Amino acid sequence: MKVNVISRSTDEYTKERSQDLQRVFRNFDPNIRTQEKAVEYVRACNAAKLEKIFARPFVGAMDGHIDSISCMAKNPNHLTKIFSGSMDGDIRLWDIASRRTVCQFPGHQGAVQGLAVSTDGRVLVSCGTDSTVRLWGVPVSTLLEEDVSSDKSAPLETYVWKNAFRAVDHQWNFDRFATGGAGVDIWKHNRSAPEQSFEWGTDTVVSIKFNPGQPDILATSASDRSIAIYDLRMGKPAAKFIMRTRTNSISWNPMEPINFTAANEDSNCYSFDSRKLNEAKCVHKDHVSAVMDIDYSPTGREFVTGSYDRTVRIFQYNGGHSREIYHTKRMQRVFCVKFSCDASYVISGSDDTNLRLWKAKASEQLGVLLPREQKKHEYNEAVKNRYKHLPEVKRIVRHRHLPKPVYKAAATLREMTESRRKKHEKRKAHSAPGSIIEEPLRKRKIIKVE
């Protein structure tokens, strides 16, 4: 005779210490839990709503400059330090944790247009409209012990050149740096004249960036609407293409260094594969005015943009629309943006002389999390991701409050786009078959590849 009995060990449900949590046993058989999906859907809605309630992206402002902030540079060796340059020639080193000025570098007689830091974090390169390139020593003691009164009065080197500069970038792991102005010049730390110069019939070069994976390759954008790629090993330009509008800034994807994204004057960003420049891989829309600057996250999964429409947006690297928009009433036109080296924060510099610090994830809880809190956040993300395609969850997650001018400008842009589309459809309907060739936006914005 077989007898089934219910039995359990005392060790399974008895707490070993008074601080231990009471163990709860659940049967996950789907036949028993008929309402499981409904319960999870409600949890997904609640998680999306809680994310909106706790969305407090603005951390603080860093005040000190007396003119518009024109450029910024991250220190790759120090997580909490960032450099900023303004239109009055002032360069400052900031401590993000305390939001204070650590050190100042006076010397430029005009606007500072470009800043770059060497890979070891010891040398700061600055250039400006006074036709000078200056190399500054970054004091290690100041990086570790903040001293607001610290003033680095004299640069290590000052190189005077024939024309004003608009951009500078430092080569990875080497002592070279490149400047952009009337042409592209390659400098060494210990030489007072460029060791290489490139010109390809361009006007002023407005942006320049070295490739993080191939240090000898750099990309530039110029005021004649061109984007060019140069290879220092060849000693000559490698590729070039011309767009319909000017590109203000370029950023390489650090995890996929063959790809770069260009911030364009037509309020869009375009991602390109450097091996195939006749079309964009992705068009990132949402801004309503010129995109002034762009910077990739160290993870390579997203990038931040700053625009003339006074907003900061965060895009997925392959997403057509932004996942986040940041704005304040006092923030004016944004000229430069940077992701922090740990991908947790975004720093923006604007026309109102302030640097602003934002969280990369608006509702992220700052500080040390308990294991239970961490698990709860992970569970909320998981259920949101599982039900993100359902209308109610999608509506809550996507909703963003926009400033009135941006909202109206976006509506106007949509109306203009729709009008162009209708006009094109009518023209196509009243033309001979095959006489009008349709091109996608990814190709339409590129005029010529050389």
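When I call a residue buried in this talk, I mean that its relative accessible area is under 20%, while exposed means over 50% and partly exposed means in between, computed with a 1.4 Å probe on the protein chains only. What we are looking at is a predicted model, in which local features need pLDDT of at least 70 and side-chain atom pairs count only at pLDDT 80 or more, whereas totals for chains, interfaces and linings use all residues. Residues are numbered from 1 along each chain as its sequence is written, and side-chain values use heavy atoms, with hydrogens and water left out.

Let me start with the cysteines. A disulfide is a covalent bond between the sulfur atoms of two cysteines, and the criterion applied here is a pair of cysteine sulfur atoms within 2.5 Å. By that criterion, a search of the whole structure finds zero disulfides. Cys-336, for instance, is in no disulfide, and its nearest cysteine sulfur, that of Cys-71, is 6.7 Å away. Cys-336 counts as buried because its relative accessibility is 2%. Cys-341, by contrast, has 29% relative accessibility and therefore counts as partly exposed. Its closest cysteine sulfur is that of Cys-336, at 15 Å, which is too far for a bond.

The terms come from a 1 Å grid over the protein atoms alone: a cavity is a set of points where a 1.4 Å probe fits but cannot get out, a pocket is an open set with protein on both sides within 12 Å along at least five of seven lines, and lining residues have an atom within 4 Å of a point. Grid points are joined across faces, edges and corners, and a volume is the space filled by probe spheres set on the points. How many cavities of 30 Å³ or more does the structure hold? It holds one, and the largest cavity contains about 40 Å³ of space. Among the residues that line this cavity are Lys-74, His-78, Ile-96, Cys-341 and Ile-347. In sorting linings, Ala, Val, Leu, Ile, Met, Phe, Trp, Tyr, Cys and Pro count as nonpolar, Asp, Glu, Lys and Arg as charged, and the others, Gly among them, as polar. On that scheme the cavity lining divides into five nonpolar, three polar and two charged residues.

The second largest pocket has a volume of about 1,200 Å³. Its lining is made up of 46 residues, and those that lie nearest its centre are Met-72, Asp-169, Lys-209, Asp-295 and Lys-338. The lining comprises 25 nonpolar, 13 polar and eight charged residues.

β26 and β27 pair in the antiparallel sense over five bridges, with Val-334 standing opposite Ser-350 in β27. Their hairpin has five residues between the strands, and Ala-343 there takes a positive phi near 65°. Strand β27, residues 345-350, has five of its six residues buried, so it is largely enclosed by the rest of the structure. β27 also pairs with strand β28, residues 354-359, in the antiparallel sense and over five bridges, and the bridge partner of Gly-349 in β28 is Leu-355. In this second hairpin, with three residues between the strands, Thr-353 takes a positive phi near 75°. Thr-353 is buried, because its relative accessible area is 18%.

A further positive phi, of about 65°, belongs to Ser-131, which is not a glycine and which lies in the loop between β7 (123-128) and β8.

Of its 17 residues, Ile-227, Phe-241, Phe-260, Phe-272 and Leu-277 touch the most other members. The elements giving two or more residues to this core include β15 (217-222), β16 (226-231) and β17 (236-243), and β17 gives the most, with three residues.

Terms used
Helix = DSSP H or I, 4+ residues; strand = E, 2+ residues; numbered from the N terminus. Pairing = 2+ DSSP bridges. Core = buried A, V, L, I, M, F, W, Y, C linked by side-chain atoms within 4.5 Å.
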